[in-house]
Amino acid sequence: MAVVHRLFRLFSPFTPAKNNLSSFLIRSLSSSSPHGPSLDPEIDLKEAAAELEKSSSPSSSPSPSKGRNFHWVFLGCPGVGKGTYASRLSTLLGVPHIATGDLVREELSSSGLLSSQLKELVNHGKLVPDEFIISLLSKRLEAGKEKGESGYILDGFPRTVTQAEILEGVINVDLVINLKLKEEALLAKCLGRRICSECGANYNVACIDIKGGDGDDRMYMPPLLPPPKCESKLITRADDTEEVVKERLRVYNKMTQPVEEFYRKRGKLLEFELPGGIPQSWPKLLRALHLEDDKQSAIA
Ligand code: ADP
């Protein structure tokens, strides 16, 4: 657990090392660099990678998990629906869906200096430092290993080439699904997203109707409205404002699009253009993944 201790020291508000992180966060926020946060040499990425390797190695105890040993990754712009389809596949395949965005939001809900500094990054549409995200993911994988999890569907990781290189060094990713959606739908989907503060379910109040033309089909995505039990408990993510979504899209194009190329070169990338809402897209995605046989147990 060396790196956890080290990161704890680095991120603890009671140690001088916090100044490294504070200045890193301030630099990241004030940086106009299109390349996003640069690495602070004081934070040891190698150790974070070693911790990830440890948490990714197979458990020595017999696995009680019925899940299959998939190591899949979902890529795609903010609002594309990574969470929706990763979560459906996770149910279908019996492997956990691990979304680094959720891990970050859990961390942000705690109080403290680190949390408020990270909030500044996230709420401005910036990425959090590679070391931090790798440490969060390591802890999640370690906890999963103890429960006997043997595979996972990652959503939102890797998001930089550095993260992809580190992941490739510790696990053989089988498949990377790159979800794509017309750009004009992405902003509307983020702005329409609503979350039930009680059960965490995701809904969308946007009604997207993009006319066809030039060989393109019309795209219609009806709203996904909450059931009465969630209606009064809906919240909006703090980073789902127009300005921040535009920044997240810009950051995606700069920092994460190269990750698509990283996996394309390795023959692991499956491009999947979403044809519309869940009823049209889900069966097509299952066909693209040759999972039609598993369809019986899929949620429609
Ligand atoms: P999105 O809807 O933009 O795909 P996520 O819910 O996946 O958003 O992530 C929310 C925020 O959490 C990101 O904007 C970023 O600040 C942070 N984050 C999540 N995953 C990563 C990662 N792999 N690397 C760096 N930052 C991340």
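**Buried residues, ligand shell and salt bridges**

Student: Which helix is Y85 found in?

Tutor: This is a predicted model: local features need pLDDT of at least 70, side-chain atom pairs count only at pLDDT 80 or more, and totals for chains, interfaces and linings use all residues. Numbering starts from 1 along each chain as its sequence is written, and side-chain values use heavy atoms, without hydrogens or water. Helices are DSSP runs (H or I, at least four residues), numbered from the N terminus. Residues 82–93, Y85 among them, form helix α4.

Student: Is Y85 buried or exposed?

Tutor: Buried means under 20% relative accessible area, exposed over 50%, partly exposed in between (1.4 Å probe, protein chains only). The relative accessible area of Y85 is 4%, so Y85 is buried.

Student: How far apart are the C-alpha atoms of Y85 and S281?

Tutor: S281 lies in helix α12, residues 278–288. Leaving aside neighbours within four places in sequence, Y85 is in contact (heavy atoms within 4.5 Å) with residues including S281, W282 and L285. Y85 and S281 are 196 residues apart along the chain, yet their C-alpha atoms are separated by 9.2 Å.

Student: What share of the ligand's exposed area does the protein bury?

Tutor: A backbone N or O atom of K126 lies 2.7 Å from a ligand oxygen, a polar contact (N or O atoms within 3.5 Å). A polar side-chain atom of Q163 lies 3.0 Å from a ligand nitrogen. Alone, the ligand exposes 550 Å² (Shrake-Rupley method, 1.4 Å probe), and the protein buries 96%.

Student: What is the N to O distance in the salt bridge between R248 and D240?

Tutor: A salt bridge puts a side-chain nitrogen of Lys or Arg within 4 Å of a carboxyl oxygen of Asp or Glu. R248 is buried at 11%, and D240 is buried at 4%. Their side chains meet at 2.9 Å.

Student: Which residues do salt bridges that share partners join into one network?

Tutor: The structure holds 17 salt bridges. Those that share partners link K180, E260, E261, R264 and E271.

Key: Helix = DSSP H or I, 4+ residues; strand = E, 2+ residues; numbered from the N terminus. Polar contact = N/O pair within 3.5 Å; in protein donor to acceptor, adjacent residues only side chain to side chain.
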